[in-house]
Amino acid sequence: MQSSVKFLKHKGWHQTGIIALIGGIYFIGSMILSFDNAKGLLSVPKAFNWLFVNFRPTASSVEYLPRIWQKLIQTVLLAISSTVVAAIVSMFVALIGSKVTGVNGYVQVIVRGIASFFRNIPLVAWSMILLFSFKQSDFTGFLALLLMSIGYLIRAFMEIIEDEASETMMALKATGASYFQVIFQAVLPQILPSVLSWILYMVENNVRDATLVGILTGTGIGFIFDVYYKSFRFDAAGMTVLAIIFVVIVLETISNQIRRIIL
Amino acid sequence: MLEVKKLRKSYEKDRPALTDISFNIKPGTFVAIIGPSGAGKTTILRSLNQLIKDDGGQILLDGNDIRTANKMELRKYRRQIGMVFQNYNLVERLTVIENVLHGRLGYKSTIAGVFGRYTQQEKEEAVSLLKKVGLENFALQRCSELSGGQKQRVGIARSLIQHPKVILCDEPIASLDPASAQNVMELLKELTEEYNLICIANLHQINMAKKYADQIIGIRKGQLVFDEDADSLSEDVLRTLYDQEITKELK
Ligand SMILES: Nc1ncnc2c1ncn2[C@@H]1O[C@H](COP(=O)(O)OP(=O)(O)OP(=O)(O)O)[C@@H](O)[C@H]1O
Ligand SMILES: [Mg+2]
């Protein structure tokens with residue numbers, strides 16, 4: 001009794017200490033960067049106001065729409081194709097690398113290493129590196145998204161397999177089923193909903209990322225945003241942003257519907 | 001006839017999980033393995049179909065040693081040994097009948113199994129087994145929509161379609177309510193007699209063991225301390241098995 005009261009008191013002190021620490025770090029940080037908190041805060045509404053005035057699409061910006069739309073479709077297709085290819089590759093790799101379906105300990109370590117390598121190089125860095133070899137093209141963007149997605153999906157798929165498939169896998173192994181029978185009859189059907197859910201998430205994410213990659217590789221929606229922006233056609237740039245937001249929301253809605261049906 | 005001789009296993013050096021376990025079971029016998037948590041019951045059961053590789057001893061099924069089998073032979077032994085799990089271990093998204101048919105995979109070519117191509121005869125047998133376990137109206141239902149007791153009966157049907165000589169049940173009723181538990185135990189007992197099976201169940205419920213089992217094996221700290229007819233299980237035995245008085249369980 002006495003000790004649990006002491007424990008809770010201790011815990012209270014710990015929490016207070018941590019909050020004070022974070023506050024202190026922020027304070028010292030803004031001193032070092034000579035960041036004026038009051039002025040920073042005040043400039044936020046001003047910045048938004050400027051954004052609103054300059055980037056607001058006008059009636060004449062509508063004429064940009066067909067071109068924006070065409071590039072947007074191109075970008076969405078890029079995102080979908082890179083995700084689908086990434087999913088197929090990742091599934092193979094995750095199967096041979098997971099603890100329950102994996103080949104052996106060495107392969108598991110190697111697969112984990114590869115996945116975190118691909119994942120931990122920022123997308124922008126991937127694009128810049130790939131630009132050297134593949135120049136400004138859709139393919140460069142495709143590869144950058146592909147490699148990044150592979151990094152995430154391998155890791156996600158391995159965890160899904162380990163969490164969701166180990167029990168059924170054991171049951172089928174015990175019936176005398178062979179390795180491939182177990183994979184196709186137990187593991188894949190069992191993990192399908194979670195896997196699809198991850199793929200949908202990755203598509204949404206890649207549409208957003210494809211915009212950024214497009215600025216670097218000179219393709220898709222990112223490219224025309226860049227062009228409009230640099231030629232001071234802010235209303236057209238604003239239109240582009242609106243179109244992106246619209247498509248992302250539509251995609252999210254669709255994938256939520258799909259999720260509801262499959263889960 | 002299942003003969004286990006001097007079965008040994010340790011997961012870590014110098015900490016044996018099983019030491020020299022030996023017992024014999026005749027066909028048509030329902031056996032309960034009892035003992036405290038961590039005694040080694042699951043380890044015994046999983047060694048019997050080699051889901052766990054033990055360290056030594058013999059496991060003879062009708063005179064053939066399962067332990068020395070190569071991969072192909074092991075598949076052939078495993079299909080003669082059904083297994084029923086505490087958490088049912090079904091593919092929840094698939095239908096009841098698909099899960100039952102999984103029990104045939106050990107008999108099929110890899111390709112036929114991968115694509116789930118079953119013969120008419122296998123499908124008919126699956127249906128008749130579902131009838132046997134009382135689920136004839138659920139064949140096309142997804143397993144995720146069933147209750148625990150129903151899932152466990154699907155698991156039992158899946159093991160029966162293997163045409164097993166042995167069925168291993170690791171705490172088959174631990175997740176079930178008392179009524180479903182009773183039903184599952186009765187079903188297992190019935191099937192053991194009907195098909196002349198060797199049915200081995202790990203149980204924590206001593207009253208259930210006493211009521212349904214023909215033979216009881218008691219395990220304590222990896223050692224066999226009791227192996228006799230269910231009728232001979234006494235308070236004394238339980239006291240040594242569990243290190244405390246467990247009298248009301250016997251009633
Ligand atoms: N994978 C493993 N790695 C290391 N030790 C293990 C492993 N599995 C089991 N053990 C140990 O082996 C011993 C026997 O475990 P086992 O699971 O066979 O017990 P049990 O009788 O089935 O217990 P319960 O009634 O709780 O299911 C325990 O001491 C356990 O800690
Ligand atoms: Mg156990």
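Predicted model: local features only at pLDDT ≥ 70, side-chain atom pairs only at ≥ 80, totals over all residues.
**Chain A: the annotated span**

Select residues 72–255 of chain A. The UniProt record, an unreviewed entry, lists this range as "domain: ABC transmembrane type-1".

**Chain A: a nonpolar patch**

Next select A:Tyr26, A:Phe27, A:Ile28, A:Met31, A:Ile32, A:Leu33 and A:Phe35, which form a nonpolar surface patch of about 850 Å². Centre on A:Phe27, a residue of helix α1 (residues 2–32) of chain A. Is A:Phe27 buried or exposed? The relative accessible area of A:Phe27 is 52%, and exposed means over 50%, so the residue counts as exposed.

**Ligand 1 and its shell**

Now move to ligand 1 and show the 13 residues that surround it. The closest are B:Ser37, B:Gly38, B:Lys41, B:Thr42 and B:Thr43.

- from a ligand oxygen to a polar backbone atom of B:Gly38, 2.8 Å;
- from a ligand oxygen to a backbone N or O atom of B:Ala39, 3.2 Å;
- from a ligand oxygen to a side-chain N or O atom of B:His204, 2.9 Å.

On its own, ligand 1 exposes 630 Å², of which the protein buries 60%.

To see which elements supply the shell, colour β1 (2–12) and α1 (41–48) of chain B; these are the elements that give two or more residues. The largest share, three residues, comes from α1(B).

Note on methods. Residues numbered from 1 in each chain as written. Chains lettered and ligands numbered in written order. Heavy atoms only, no water. UniProt positions renumbered as here; feature names shortened; annotations may be inferred. Patch = residues over 30% accessible without salt bridge, like charges linked within 9 Å, V, L, I, M, F, W, Y side chains within 5 Å. Areas by Shrake-Rupley, 256 points an atom, 1.4 Å probe, with all protein chains shown as cover. Salt bridge = Lys/Arg side-chain N within 4 Å of Asp/Glu carboxyl O. Helix = DSSP H or I, 4+ residues; strand = E, 2+ residues; numbered from the N terminus. Buried < 20%, exposed > 50% of the residue type's maximum accessible area, 1.4 Å probe, protein only. Near = heavy atom within 4 Å. Polar contact = N/O pair within 3.5 Å; in protein donor to acceptor, adjacent residues only side chain to side chain.
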